[in-house]
Amino acid sequence: MNREALFNTAVLALLVAVPTWALWADEPFTITLATRAVIFALAAVGLNIALGLGGLVSLGHAVYFGIGGYAMGILAHHAQSYTPLMEWPFLFEGTKSMPVIWLAAVLASALAALLIGLLSLRTAGVYFIMITLAFGQMAYFFTISWPAYGGEDGLSIYVRNGFPGLNTLVPIQFYGICLALLCVVLWLNWRLAKSPFGLALGAARQVPQRVETVGLDPMRLKLVALVISGAITGLAGALFADLNRFVSPTMFSWQMSGEIMIFIILGGVGRLFGPVAGAALYVLLEHLLGGINEHWQIFLGAALLFVVLFGRGGLVGLVAGREQAHD
Amino acid sequence: MTEPVLAARGLTKSFGALRACDEVSVDLRPGEIHAIIGPNGAGKSTLIAQICGALAPDSGTVHFLGRDVTRETTRTRARMGLGRTFQISALAMQDTVLQNVLLGALGRAGRPWQFLRPVLRDSTLRDRAEAALARTGLTEMAATRTADLSHGQRRQLEVAVALTLEPRAFVMDEPMAGLGAEGSKRLTGFLDELRAEAPILLVEHDMDAVFALADRISVLVYGRVIATGTVEEIRGDREVQIAYLGETP
Ligand SMILES: Nc1ncnc2c1ncn2[C@@H]1O[C@H](COP(=O)(O)OP(=O)(O)OP(=O)(O)O)[C@@H](O)[C@H]1O
Ligand SMILES: [Mg+2]
């Protein structure tokens, strides 16, 4: 096993061990922190497919995170108030079932990514970054001025949504759901990177003119990558809203987009476990430093500067060295 | 006379006041190597870019396999069987050598929409890719990161990727550049055999290679074709000698 595989295994082991310890030591807050880290990791794994594989610097991934959050909020809101979402042309009711909510979150954010991609992929570089940022801000202000679903105050859900056979109100059970989803998505990401699509997408990131010369469309490859990426971040958004039993426009904020990107830079761009390590480190720092000093983000900024200047490959790069050429 | 596989007619392209290509017409017949020579900045790469679809000409047409492809994208021309190599290597530097040829095989097969099956397990693609490496002498380097290749090996890989496309016509922009005497000689031998598979439009500065390989030569100077003919005709052409071969009248 190479060093990166060892590192990844260690990260997974910690994600199992820490909450298990917390359960035994009766520290539910630690489990909540771990859940937060896992959900952030999932959101960042989504972005890493666009950013790491496709080279798409999307600074608007909060859009998908927020859409996932509101998919949960809106469906659960209608279910708990016994009002249908719509009656015409067919009856569409709310739901408290997690799998249905996830499906809605994934579909809605994938659709958003498709539309945003069609409009933004014609641009490159700093223009692409600005356009994705602009879409994030549009979504933010749209939800603020949408009173039907709480406007600025957001939506609260009284009881966490349900999953067949589990009691999601027990922190460790909800954590288990989130960790399982993260593992499934990491597995998908791993396979994707080795697949024909992953190969073509990686080439489209590095030399688009080569991809065209072999008869493939780099733009379409990137569009599909953005859709997959948005769908995953949307799923994370639904879980995040469920963790807090609350969703508000801040899920759409540019700070949220920035945080998702910071997880990846901290952990290592394009590395399978980069987003996971980065999100875990971020939540840990937030907890430890946030307790000491309310301006803890200054320290985060310093850590980030250090990584960008010296670490290059982030935490994974620090531990496992430069990325191996794939076999 | 046989129908040309590839024909450029009156291609004109200006960059501001500079006329990089001026009414350029060249064609490529089955089984031949047609060399394009000319001094630096003559417009050779600009011509190639228009033929392959990377640059839109201001006027003129490109016909490939009897079809007018002037308005078609690079992608469409590639799928029809136009195999291009770049003057400045355009390779995925972070990927391995094998992955670069696999990309070509993937393009040839036209199915990048597989998301979960490892590309290495597709034996059709892999066989095609490995065959191209074997033919260009890169088999040993398959697992090497492309960025770690020598300049000459990158030139070979350029040709290998074009081979995976099994093109109907090759368009090569200075494949010998920087290869060294030994490398040029090997590639010359290889291209000599390759023309039986598909004709080659060959831009090249290496005169030994050009005189050894070319069935016909076109001389491009300041964006204009000043002569087209066989090796003997071009060697004996006064105008060419003055303009290009560096001989005083
Ligand atoms: N995109 C561009 N914009 C402006 N000028 C260009 C562009 N591309 C090429 N040129 C100019 O057009 C002329 C022809 O360039 P081109 O690259 O086609 O020459 P070449 O014959 O391939 O030269 P070389 O032997 O050095 O490769 C040159 O003067 C070059 O500076
Ligand atoms: Mg050139």
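Reply: A salt bridge here is a side-chain nitrogen of Lys or Arg within 4 Å of a carboxyl oxygen of Asp or Glu. Glu197(B) and Arg135(B) make one, with 2.7 Å between the closest N and O atoms.

Some ground rules. This is a predicted model, in which local features need pLDDT of at least 70 and side-chain atom pairs count only at pLDDT 80 or more, while totals for chains, interfaces and linings use all residues. Residues are numbered from 1 along each chain as its sequence is written, chains are lettered from A and ligands numbered from 1 in the order written, and side-chain values use heavy atoms, without hydrogens or water.

Begin inside chain B. An automatic or database assignment divides chain B into domain 1 (1–81 + 167–249) and domain 2 (90–164). Taken over C-alpha atoms, the centres of domain 1 and domain 2 of chain B are 26 Å apart. Contact (heavy atoms within 4.5 Å) involves 14 residues of domain 1 of chain B and 8 residues of domain 2 of chain B. The two domains of chain B bury about 860 Å² between them. Of that, 59% is on carbon and sulfur atoms. Buried area is the accessible area (1.4 Å probe) lost on putting two parts together, summed over both.

Now the polar side of this domain interface. Between domain 1 and domain 2 of chain B the rule finds 1 salt bridge. There are also 4 residue pairs in polar contact, both residues at pLDDT 80 or more. A polar contact is a pair of N or O atoms within 3.5 Å; within protein, one must be able to donate a hydrogen and the other to accept it, and sequence neighbours count only if both atoms are side-chain atoms.

Helices (H or I, at least four residues) and strands (E, at least two) are DSSP runs, numbered from the N terminus. H6(B) has the largest share of that side, 4 residues. By class, the side of domain 1 of chain B that touches domain 2 of chain B holds 9 nonpolar, 1 polar and 4 charged residues. Nonpolar means Ala, Val, Leu, Ile, Met, Phe, Trp, Tyr, Cys and Pro; charged means Asp, Glu, Lys and Arg; the others, Gly among them, are polar.

Next, the interface between the chains. Here 33 residues of chain A are in contact with 36 residues of chain B. Chain A and chain B bury about 3,100 Å² between them, with 64% of it on carbon and sulfur atoms. Three residues stand out on the chain A side: Pro196(A), Leu199(A) and Arg210(A) supply 23% of the area that chain A buries against chain B, more than any other three.

The rule finds 2 salt bridges across the interface of chain A and chain B. One of them pairs Asp217(A) with Arg75(B), at 3.5 Å from N to O. On chain A, the elements giving two or more residues to the side that touches chain B are helix H6 (171–194), helix H7 (196–206), helix H8 (208–213) and helix H9 (218–244). H7(A) gives the most, with 7 residues. The side of chain A that touches chain B divides into 16 nonpolar, 7 polar and 10 charged residues.

Now back to the charged pairs. Over all chains, the whole structure has 19 salt bridges. Asp217(A) also meets Arg220(A) in a salt bridge, at 3.9 Å from N to O. Asp217(A) is buried, at 18% relative accessible area. Arg220(A) is partly exposed, at 46%. The cut-offs are under 20% for buried and over 50% for exposed, with partly exposed in between (1.4 Å probe, protein chains only).

In chain B, Arg128(B) forms a salt bridge with Glu166(B), the closest N and O atoms being 3.0 Å apart. Arg128(B) lies in helix H4 (residues 123–135) and Glu166(B) in the loop between helix H5 (151–164) and S7 of chain B, so the pair ties together parts 38 residues apart in sequence. Both are partly exposed: Arg128(B) at 23%, Glu166(B) at 45%.

Arg135(B) is in helix H4 of chain B, and Glu197(B) is in the loop between H6 and strand S8 (200–203) of chain B, 62 residues apart. Arg135(B) is partly exposed at 38%, and Glu197(B) is partly exposed at 49%. Elsewhere, salt bridges that share partners join Asp217(A), Arg220(A) and Arg75(B) into one network.
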